[in-house]
Amino acid sequence: MTPDRDEILQAVSSAVLAVTRHLSVREVLQVIVRSAQRLLDARYAALGVPDEDGSFAEFVAEGLTDKQWDAIGPLPRQHGMLGAMLREGTPARLPDLREDPRFEYWPKAHPVMKDFLGVPIRDGDEVLGIIFLANKRTPGGFTQDDQDLLTLFAAHAAIALTNARLYEQGRELALVEERNRMARELHDAVTQKLFSLRLTAQAAATMLRTDPDRAAAELEHVQKLAGEAMAELRAVIVEMRPAELDRHGLGETLRKHVRMLDRLQSAAITFDSDELPPLDPAVEVVVLRVAQESLHNALRHSGATQVWVRLAYEGGKLALSVADNGTGFDQAGSRGLGLASMKDRAESVGGTLTVGSSRDEGTTVLVEVGI
């Protein structure tokens, strides 16, 4: 085996291993693009994953300086050769990109690209994105061997993107299953108690004028039933406690969750925690679930590039904050973000939830619970 072949296999192996290391999906794609550029001796290399708005959700490139990127302007749209490759899903190997009828234009500051090699990133019949190279440094342009090798890199990119999708789908299914189970548990454990509480309260209201003593007794019973309902609600929450909390506690469980998201998402997610005292199991479950829901909103809806998660303990109060630098939102139209559910969770353990957000200024979710 020649040294060149050894080098190729080592680079391909590194790209594959990067998928399972502590790297975000974007970092994995950068490893793949960088390796492809170096091994195929190209001046430029890029990888794009389309979004639903005609642009690209991910676009990583090699060969351009930050200054050149700034001069070029916004990310490319799905037009010209890039759009054609996304639609057609077939490789393109050209001696001069500019002479192909699918070519349209470049921004004024865009570098001139001549010889071109592009390969679709596929998951079965679905085109997830494209990876392409331009301006081969050695004479003769790109070869069939180059195309075969770039196809291999595209397969590794597909693994990274598919893993990220599977994680997101799995998380959504887990949230749905948890909510359904919670609904069933609440119905079975609490509904009967609340029904009795309502009837007793109605009876007390009826007797308030005619028999104040009996009304007072009924109101005492109402208070007792309300306490029992709250106790059963807290028991349901504790029963739904994730096993990780028993093994690691709230701080370490949330730290592991953030670390996993940071590997899989393009946004940079950081976690910081004070030393925590022993916590009520119900409080741990609530704070963890609110953190997970807040992170999901930040990563899926806000377009944030940075998310900060912090657990603080001071003066007998536990505080969770999840802040991002995303687009923010109008709280009056935020019903789809689960804010009411998070508020209910916090209040179930005697806590409060506040949300600060405005358009283009990010969002902060803060939960405070006295312990």
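Lys256 and Glu252 sit 4 residues apart, about one turn, in helix H7 (residues 243–264); helices here are DSSP runs of H or I with at least four residues, strands are E runs of at least two, and both are numbered from the N terminus. The two side chains form a salt bridge, with their closest N and O atoms 3.9 Å apart. By salt bridge we mean a side-chain nitrogen of Lys or Arg within 4 Å of a carboxyl oxygen of Asp or Glu.

A word on the model: it is predicted, with local features needing pLDDT of at least 70 and side-chain atom pairs counting only at pLDDT 80 or more, while totals for chains, interfaces and linings use all residues. Residues are numbered from 1 along each chain as its sequence is written, and side-chain values use heavy atoms, leaving out hydrogens and water.

Searching the whole structure turns up 10 salt bridges. Among them is Arg102 with Glu88, at 2.9 Å from N to O. Arg102 belongs to the loop between strand S3 (92–94) and strand S4 (116–123) and Glu88 to helix H4 (residues 80–88), so this pair ties together parts 14 residues apart in sequence.

Another is Arg310 with Asp274, whose closest N and O atoms are 2.7 Å apart. This pair links distant parts of the chain, 36 residues apart: Arg310 is in strand S7 (residues 306–314), and Asp274 is in the loop between strand S6 (268–273) and helix H8 (281–301). Shared partners also join Glu88, Asp100 and Arg102 into one salt-bridge network.

Here is the accessibility of some partners (buried is under 20% relative accessible area, exposed over 50%, partly exposed in between; 1.4 Å probe, protein chains only).

| Residue | Relative accessibility and class |
|---|---|
| Arg102 | 27%, partly exposed |
| Glu88 | 41%, partly exposed |
| Lys256 | 37%, partly exposed |
| Glu252 | 28%, partly exposed |
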